[in-house]
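The following report describes a single protein chain, beginning with a strand pairing and moving on to its aromatic rings.

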Amino acid sequence: MDRVCYSSRVDQFLEEKVKSRTNSLFKSRNEVPQLVVYLLSWSKEPCGRRTLQTQQPIQINHVPELRRLQKEKTAACTQAYTVTQLRSWTTLNISSELFRHLLEAQSVFPHFWKSVLTFGVRFVENEYGFPPFRSKSSQRVGSKIEEIAYVIRRVELNQRPTSKLECPWSIRQTAVYHRLTYPHDGSPCSSVFILVAPSRAVENEVSQCLPGSPSEGEIMKPHFSIHESLIADSLRNWMDYMTWLESECNQMAHRQIAWNVNNGDEHMIYFNVDDRQRLKQLGDYITDLIVVLQTAVNTIGRIGKSCQQHCQMSCRVQDDCCCSSMIREFSEYDAEAHVYLERAKVLQERVQSTEQLLTDLLGFEDTRALKELARTSQTESHYVAELAKRSAEDAAAVKMLSLVGLVYLPTTIVANFFSTQFVKVDDQGGIYISSWVWILAVISIPLTVATIFLWILSVRYSDSPWNVEKGGQRQREEKAKKSMTHSRESNS
């Protein structure tokens, strides 16, 4: 009971998520068909050889057309429904109504919606939003059903003009749904594929009846030949993409190694802070690559297991059956994906080491600049100390001159006094003091008082540091008094 309740909650959550993404996920366009259906069936040649043939692709743009197709009886062993996409990060070229009707008519399990939700309008790619491989077995009236769903990623040149810091590669995806029906009466099994945004290469192979080795027989072809085409198309360009990443990393690594550490004036020619940002960007590319390849390794391995299970259920030959070539092919794809994954990890370590070297070199330059600044500061400090020493010597000389002037000042005052007309010496050598000598006292004493008064005013109201500090101290004392008065009033 708990399992049913949990499953219903999951379905409700997916339904709400799909409703919120409908406008950014589906949009039909008049210039392209919404659905293209490929019907693959076996035909017998006059020589007795059975060959796989594909009927003329059927284009469907409305729900009644899809219903009419489903009502028609067909001898096709495989039906492949393809939905296209104009560009990455845009809506699918199909209406929401037609797509929902397709999933309901084929009884697609809800997990496939998680693969479909990776498409649509978006502005940022999140590699952790892609679901892993999922399979489901169920029993229906007269048959056993095996369902699988996954998202396979591939990398392609985007064919767009790119700047120096932009990546010329784009990672694209294809959502795959496959339903295998095994009738209990022993009749041949049948398949239904739903391919969302397949590459042109995969579409061409499906339309050309999946050319392959005739040893595969009717057991694997076309049920797992489509998976083989998808995986081969997915792994085709990863090596070239990693080669581009390595070349971008090596360009910066070589410039850093070529830089002469002793020549600090030319380091901007070899590297700068922009290279640090570029290495971070390359590191993000490689991190995404590792996540993609980890998912691909899991997906290829799970498809290989499904292929073996299909062989056990369909092949009547136990030893060295015709399915072995296809099973070995999936093993080779799995090994190839593992190699790419290990290379991506090594490439990540190389970018990290280059990034660490650049960080150390930039830190070395900063340390050298700080040392140069400290050396300059030390030289300036020496000049300041020398200037202070000279100022002290000048102050000592001025002090000495002041002392000398203070020594001679009384003598100068007495000499000036006796040189005036208030004191005279007669012919007999006697000293005569004028009766107007009181004028000297009347003028000099008020002048001296006025001078002292002006000096006091200038000291009291000037903006000298001493007065500023004294005024600040007075303000602090007044604030302290006010706070004490306020505290006393509050306590009372």
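Arg140 has Ser143, a residue of strand β6, as its bridge partner. The two strands involved, β5 (residues 134-140) and β6 (residues 143-157), pair in the antiparallel sense over 7 bridges, where pairing requires that DSSP finds at least two bridges between two strands. Together β5 and β6 form a hairpin with 2 residues between them, and Gly142 in the turn has a positive phi of about 80 degrees.

The model is predicted, so that local features need pLDDT of at least 70 and side-chain atom pairs count only at pLDDT 80 or more, while totals for chains, interfaces and linings use all residues. Residues are numbered from 1 along each chain as its sequence is written, and side-chain values use heavy atoms, with hydrogens and water left out.

The protein chain has 13 helices and 10 strands, these being DSSP runs numbered from the N terminus (helices are H or I with at least four residues, strands E with at least two). Of its 492 residues, 37% are buried, that is, under 20% relative accessible area, with exposed meaning over 50% and partly exposed in between (1.4 Å probe, protein chains only).

A search of the whole structure finds 10 aromatic pairs; rings of Phe, Tyr and Trp (its six-membered ring) pair if their centres lie within 6.5 Å, and planes under 30 degrees apart count as stacked, over 60 as edge-to-face and the rest as tilted. Two of these pairs are set out below.

| Pair | Centre to centre | Angle between planes | Class |
|---|---|---|---|
| Phe99 and Trp113 | 5.6 Å | 70 degrees | edge-to-face |
| Trp169 and Tyr241 | 6.0 Å | 65 degrees | edge-to-face |

Phe99 in helix α3 (residues 96-105) and Trp113 in helix α4 (residues 112-116) are 14 residues apart, and their pair links distant parts of the chain; both residues are buried. Trp169 lies in strand β7 (residues 169-183) and Tyr241 in helix α8 (residues 238-258), so this pair ties together parts that are 72 residues apart in sequence. Trp169 counts as buried at 13% relative accessibility, and Tyr241 is buried with a relative accessible area of 3%. Ring pairs also link Trp169 and Tyr241 with Trp238, Trp244 and Tyr285 into a cluster.

In helix α2 (residues 63-71), Val63, Leu66 and Leu69 are buried. These residues cover an arc of only 120 degrees around the axis (taken from the directions from the helix axis to the C-beta atoms), which puts them on the same side of α2.
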